Every structure is written in C-alpha cells, then in structure tokens.
Amino acid sequence: MKELRIRVLVGVFLVAGILSWAGARLWNSIGSLPSVPLAAPIVLALIAVILLATALSLRARLKAQRERVPGAKGVDPMMAARAVVFGQASALVAALVAGMYGGTGAFLLEYLDVPARRDQAVYAGFSVVAGIAVIAAALFLERVCRLPEDEDDDHPGTATAA
C-alpha cells in the first residue's frame, strides 16, 4: 500500500480552495451564496476523533503484541489495512472539504461587517481547522500501521516486492 503524500493533500487543498473562492465570487454575483452549515466542523471533528481513537487502540494492541504480553489481543492484518484505507480516504476528502470551506471563508472575509456572513466565515474557519485535524489523525493512523519492513524502503540493496 502506498503511503499518503503531504504534497498531494496540500495540492488538493489549494486547488479546491482556489476553485471554491472563484465559485463563491461567481455565485455571489449571480445571487446569494449558500450558507456554510454549522454541522460541517462538527462532522469533521467527529471523524478526526474516530481516526485518533482507532490509531491509539491499534498502537496499544500492536505494542502489547510486540512485547508478547500474556493475553494480548492481536491485530488482524486485514483490519489494520482497512483502517489505513479509511484514514487515507478520510484525509483526501478532508483536504478537499477543508479547501472548499477555506476558499469560501476567504471570500467571506470581505463581508465581515454583515453578521450572517461573519458567522459563515467562522464556521468555514472551524471547518478548515477540523479538516486539518482529520488529516493529522489519518497520517498518525497510517504511521501506527506501518510495518517495520516499510522503514527500510529507502535504503539501497534491499529487495523490492513486486
């Protein structure tokens, strides 16, 4: 499984942010801009908590398994792989969503004197922060589930699996 690259996440965030900012300007010139839902940062924060809880649980179980603690519950490799895939997908979607809300929030900064727009800008800002938390938790989960052999991939002389 390929490791998630920060550059890809930053690229998705920036492209989504620019397109969202341009779309918000266009939409506002045509009519009224749709509101940023209050639930957006809450849902993103909930996903971040779930990813972090999964990572901490797997880390504790893997540590107990490595130290051969009696009665330690092992980690099913398929479950760990599914957790990593869930984390990677969550990070990509969070980068996209955070970029969209970031672009919308950047547009709304021009209208902070309007109370409704100011609230929308705050919700968008919290959504960006929560999206970054999802990305951080997903990257931590990916690091927890990394196999020890994966750390030697950059050294010459090691065999690569096909």
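Q120 is buried, with a relative accessible area of 16%; buried means under 20% relative accessible area, exposed over 50%, and partly exposed in between (1.4 Å probe, protein chains only). The model is predicted, so local features need pLDDT of at least 70 and side-chain atom pairs count only at pLDDT 80 or more, while totals for chains, interfaces and linings use all residues. Residues are numbered from 1 along each chain as its sequence is written, and side-chain values use heavy atoms, with hydrogens and water left out.

Q120 lies in helix α4 (residues 115–144); helices are DSSP runs of H or I with at least four residues, numbered from the N terminus. Apart from neighbours within four places in sequence, Q120 is in contact with S35, V36 and L108, where contact means heavy atoms within 4.5 Å.

S57 belongs to helix α2 (residues 39–66). At 35% relative accessibility, S57 counts as partly exposed. Its C-alpha is 9.9 Å from that of V144, although S57 and V144 are 87 residues apart in sequence.

Helix α2 also meets helix α3 (residues 77–108): their axes come within 11 Å and cross at roughly 155°. Axes are lines fitted to C-alpha atoms, for helices over the stretch in contact, and angles run from 0 to 180 degrees between N-to-C directions. The two helices, α2 and α3, are therefore roughly antiparallel to each other, a term for angles over 145 degrees. On the α2 side the contact involves residues including L44, I47 and L51, and on the α3 side residues including F86, V97 and Y101.

Terms used: Parallel < 35°, antiparallel > 145°, perpendicular 65-115°, else oblique.
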